[in-house]
Amino acid sequence: NSIWVSTDHDEIEKVAKQFGAQVHRRSPEVSQDSSTSLEAIREFLNHHHEVDIVGNIQATSPCLHPSDLIKVADLIQKEGFDSVFSVVRRHQFRWSEVKKGENKMTEPQNLNPAKRYRRQDWPGELYENGSFYFAKRHLIEKGYLQGGKMAYYEMRAEHSVDIDIDIDWPIAEQRVLSFGYFGKEPLKEVKLLVCSVDGCLTNGRIYVTEDQKEMVSYDYRDIVGIDLLKKRGIQVRLISERDCSKTLSAVQLGCIAKVSATNKLQVLEDWQKDMDLSWKEVAYLGNEESDVECLKKAAMSGVPADACAVAQKAAGYICKSNGGCGAVREFAEHIFLLLEKVN
């Protein structure tokens with residue numbers, strides 16, 4: 001019925017409102033490093049007496065899908081449960097811990113070693129995955145997120161991502177790319193990729209010889225990335241604020257290019273209209289403040305790892321590669337991965 005973000009941070013409040021959420025400003029008392037989710041929820045309820053059920057969604061579980069939340073809400077609203085929480089099925093054999101200096105042996109906890117079976121033939125066990133906790137108001141006011149008539153909701157393993165430590169982050173990134181939720185509107189086939197030359201196709205550096213001739217370097221992987229895009233039927237066009245026509249001619253990419261572009265967004269809009277494309281069919285790779293509006297317009301947007309801060313904030317994907325060091329190829333592979341979901 002309503003979506004809230006609980007925070008004491010101005011920037012988080014700004015972003016939350018941009019995406020249509022309402023904001024509850026946390027008090028300093030429940031904004032400490034040691035504060036719990038339950039404390040923040042109880043404070044929220046003190047200010048919102050109209051709320052009788054709370055679904056607490058954990059920010060560390062980025063693969064959550066709306067369909068799961070709808071089913072869980074039904075369990076409480078239609079089937080009479082007081083609390084519902086998320087679990088995932090795991091197939092892991094557990095053994096008792098033997099602490100250093102203890103004179104005893106480890107013992108099996110959930111298996112019989114004499115009749116050991118294959119893990120894929122074993123139904124497994126249910127573990128909380130920390131993705132969400134739904135509970136009625138009267139339970140939360142007593143200090144519980146789980147209690148009363150309880151039920152668990154089993155999530156699919158590929159959607160069960162929990163970021164606790166640093167090494168969980170790259171795993172979560174790949175899971176989100178493959179199994180994440182990308183909004184109500186289905187993705188469309190990308191027909192056009194527009195790439196900023198300086199800082200994306202090149203590393204942004206200009207080398208000047210003694211006779212005043214300019215030279216730039218590019219990564220052959222990016223050339224391969226452009227070729228792969230073309231083979232998939234995606235047209236690649238280049239854009240630059242400076243006159244780099246000689247450089248582009250030397251590279252021989254065979255791409256339409258617009259140089260000395262004082263208004264990149266206007267160029268992008270002209271190309272989009274000329275090709276009769278919706279914004280859902282346009283991708284953009286940029287790296288500077290002048291690319292921000294283009295990044296916001298395109299359905300798929302990316303920046304190299306060394307892009308400026310405002311460009312990174314506007315982009316949907318931040319490459320691990322720097323500009324001129326494989327970022328174009330990486331963004332192309334990102335597009336291919338998302339398009340697999342369409343197919």
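Q: Which residue in β11 does Leu238 stand opposite?
A: Leu238 stands opposite Ala257 in β11. Strands here are DSSP runs of E with at least two residues, helices are runs of H or I with at least four, and both are numbered from the N terminus.

Q: What kind of model is this, and what pLDDT do local features need?
A: This is a predicted model, in which local features need pLDDT of at least 70 and side-chain atom pairs count only at pLDDT 80 or more, while totals for chains, interfaces and linings use all residues. Residues are numbered from 1 along each chain as its sequence is written, and side-chain values use heavy atoms, with hydrogens and water left out.

Q: Back to the strands: what is the order in the open sheet?
A: Six strands make up this open sheet, with parallel pairing, in the order β11-β10-β7-β12-β13-β14. Two strands count as paired if DSSP finds at least two bridges between them.

Q: And which are the edge strands?
A: They are β11 (256-258) and β14 (317-318), each of which pairs on one side only.

Q: How many bridges are there between β10 and β11?
A: Three bridges link β10 (residues 235-239) to β11 in the parallel sense, and Ile239 has Lys258 in β11 as its bridge partner.

Q: Why is β10 largely enclosed by the rest of the structure?
A: Because four of its five residues are buried, where buried means under 20% relative accessible area, exposed means over 50% and partly exposed lies in between, with a 1.4 Å probe and protein chains only.

Q: Which residues cover the faces of β13?
A: In β13 (residues 300-303), Met300 and Gly302 lie on one side and Ser301 and Val303 on the other, and all of them are buried, so that both faces are covered. Strand β12 (residues 282-285) runs parallel to β13 and is joined to β13 by three bridges, with Ala283 standing opposite Met300.

Q: Changing topic, how much space lies in the second largest pocket?
A: About 310 Å³. A pocket is defined on a 1 Å grid over the protein atoms alone as an open set of points with protein on both sides within 12 Å along at least five of seven lines, where a 1.4 Å probe fits (in a cavity the probe cannot get out), and lining residues have an atom within 4 Å of a point. Grid points are joined across faces, edges and corners, and the volume is the space filled by probe spheres set on the points.

Q: Which residues are the closest to its centre?
A: Of the 13 residues lining this pocket, they are Arg90, Ser160, Val161, Asp162 and Arg175.

Q: What gives the most to that lining?
A: Helix α5 does, with four residues; β4 (83-90) and α5 (168-179) each supply at least two. The lining divides into five nonpolar, two polar and six charged residues, counting Ala, Val, Leu, Ile, Met, Phe, Trp, Tyr, Cys and Pro as nonpolar, Asp, Glu, Lys and Arg as charged, and the others, Gly among them, as polar.
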